[in-house]
Amino acid sequence: MTPTIKKTLQPKHFYSLVIFVFLFSAVSFLVNVVASVGTPCHTVTTPDATPSTFGSPLNFFSGANELLISVNCDGSNATHIEVGSGAPTQYIYMYGYRKVNGKWTRTTFTGSTVTGVWIIGKGGVTIEGVQSGETGQVLAYICQNIQNTWKCGCSDTACLTPKWQLQEYQLPASSAGSTNSNGDGILDVHYPSKYLGLPGDTVTLVGSGFEKGPVSKILWNGEVQETGVSSETGTALTITIPNLPPGKYEVKVKEGNVVSEYGMGIWIGTGDNSPAPTITSISPESGLQGGTFTVHGTGFTKENNDAITTYGIVRGLPSEDGKSITFTYDPFDEKLVSYNENAERTEYALPVNVTIMNTSGQSNMKIFNLNI
Amino acid sequence: MKKITALRHLLITALFVSCVVLGSFVVPKTTLALFLEGGRSQEASFCSCSVCFKIEVGSPKSGTFMYCPWFTRLYAHYNIFPNAWQLGKAYTYMTCLQISYPYCRTDGGGYLLTMTGTSHGGF
């Protein structure tokens with residue numbers, strides 16, 4: 001009798017496989033973490049985003065338009081520039097240029113495979129970082145062998161005129177924020193915990209620069225209504241709504257001689273249990289910029305209703321019947337006209353969100369469209 | 001026998017974690033970049049060919065952002081214009097295209113907001 005050999009996966013093989021995959025992924029993870037310093041911060045990612053005097057940082061010959069010049073920002077400390085996508089048919093001129101705030105400086109890329117003044121596949125360099133608000137620029141010159149023809153410094157697939165290829169970069173907003181944060185420095189009120197209350201109610205003001213001692217004064221329409229207010233965190237201040245007539249007030253914080261620049265509107269209610277405003281419809285549902293629109297609903301006050309919209313506040317609106325508010329809507333400095341990417345005129349219905357706020361509360365939201 | 005089962009569970013968990021870690025590298029990193037927006041809206045300008053508004057937002061999470069009504073989800077209190085406080089998320093850089101007849105030209109750009117909520121917007 002001939003013995004048969006069963007080719008099954010033995011438990012010890014399974015465990016070995018799992019351990020191998022785990023170790024491999026752990027090593028991959030560590031390699032990746034070490035290699036990927038910073039956050040992508042390049043800003044030129046489409047063919048049309050490059051000025052005509054420069055070539056594009058995109059690869060027009062791969063079918064994917066991937067970036068040939070990419071930038072990672074490590075906060076404002078360092079900038080890592082990578083040139084080339086690693087293909088052996090790509091030759092990168094080892095000298096490039098970088099410009100930060102007006103000054104071009106030559107820079108040298110390095111890579112693992114170099115022949116003469118050309119780096120094959122992929123090169124890179126780490127340079128100083130940019131500050132928040134600055135735009136950095138880098139130039140590189142990349143040649144690709146496409147079907148035995150060299151294509152260098154391309155702006156498109158025809159690649160008739162070789163040019164230095166440009167990439168630009170800025171600190172991402174998240175990094176930028178970490179470098180220019182107000183912290184506790186600038187006295188500013190951002191927004192309140194609620195926009196409507198009755199005398200005696202407390203409201204928390206969220207902001208920055210509040211003193212931690214009991215030194216803050218609260219101004220309601222420019223008049224000090226509360227003193228000795230203290231913040232535990234420097235970013236929140238709990239105040240009490242003063243005994244003032246119902247209406248809308250501009251609230252600011254004063255510390256020493258400094259008054260917060262921006263005021264916020266807080267409403268003191270009537271306390272008569274009037275129902276909050278409700279919007280049932282807006283007519284017309286769409287119209288032109290500068291046109292007249294009517295908000296229909298209930299709970300509107302005879303005077304001083306605010307329409308809070310996507311593009312600003314329309315203030316102090318009357319409502320004779322308590323059921324409709326009419327206003328002209330033209331919040332823009334210019335007449336808006338829309339086009340498609342080919343510069344062809346296309347009409348677009350720009351949505352405008354609207355809520356109504358008054359001494360009874362804030363309404364639901366409805367939308368009308370501006371045809372632009 | 002219990003020891004072997006526990007070991008098997010441990011190893012299967014390790015395999016699952018490995019797959020998640022490895023899978024995260026398959027997704028292009030640039031698409032994962034997510035930026036926080038948080039500050040006072042300082043300036044808004046219309047990009048006529050991309051039908052978006054380019055918004056300058058101040059600190060603490062400052063930057064230039066693109067509010068595109070056809071893409072950005074807007075939350076209460078719905079005001080993106082200057083003096084309103086913004087708090088949102090953005091990803092990927094987007095150019096602001098302006099009409100310069102007969103072409104559309106690039107006029108800077110910013111990070112495309114996926115969602116943003118706002119304050120009322122001043123007094």
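**Notebook: disulfides and salt bridges**

I started with Cys154(A) and Cys159(A), which are joined by a disulfide with an S to S distance of 2.0 Å. I count a disulfide when two cysteine sulfur atoms lie within 2.5 Å. This is a predicted model, so I kept local features at pLDDT of at least 70 and side-chain atom pairs at pLDDT 80 or more, while totals for chains, interfaces and linings use all residues. Residues are numbered from 1 along each chain as its sequence is written, chains are lettered from A and ligands numbered from 1 in the order written, and side-chain values use heavy atoms, without hydrogens and water.

**Chain A, disulfide**

I looked up the S-S torsion of Cys154(A) and Cys159(A): about -85°, so the bond is left-handed. Cys154(A) is buried at 5% relative accessible area. Cys159(A) is buried too, at 12%. My cut-offs are under 20% for buried, over 50% for exposed and partly exposed in between, with a 1.4 Å probe on protein chains only.

**Chain B, disulfides**

I found Cys47(B) bonded to Cys96(B), sulfur atoms 2.0 Å apart. The torsion is about -115°, so this disulfide is left-handed. Cys47(B) sits in strand β1 (residues 34–47) and Cys96(B) in strand β5 (residues 85–100) of chain B, so the bond ties parts 49 residues apart in sequence. Strands are DSSP runs of E, at least two residues, numbered from the N terminus. Both cysteines, Cys47(B) and Cys96(B), are buried.

Next I took Cys52(B) and Cys68(B), a disulfide with its sulfur atoms 2.0 Å apart. Here the torsion is about 105°, so the disulfide is right-handed. Cys52(B) and Cys68(B) are both buried.

I noted the pairing patterns, counting bonded cysteines along each chain. Chain A reads 1-2, 3-4, 5-6. Chain B reads 1-5, 2-6, 3-4. The total over all chains is six disulfides.

**Salt bridges**

I call a salt bridge a side-chain nitrogen of Lys or Arg within 4 Å of a carboxyl oxygen of Asp or Glu.

I checked Arg40(B) with Asp188(A): N to O is 2.8 Å. Arg40(B) is in strand β1 of chain B and Asp188(A) in strand β14 (residues 188–192) of chain A, so the pair joins two chains. Arg40(B) is buried at 6%, and Asp188(A) is buried at 8%.

Lys122(A) is partly exposed at 39%, as is Glu82(A) at 38%.

Notes:
Helices (H or I, at least four residues) and strands (E, at least two) are DSSP runs, numbered from the N terminus.
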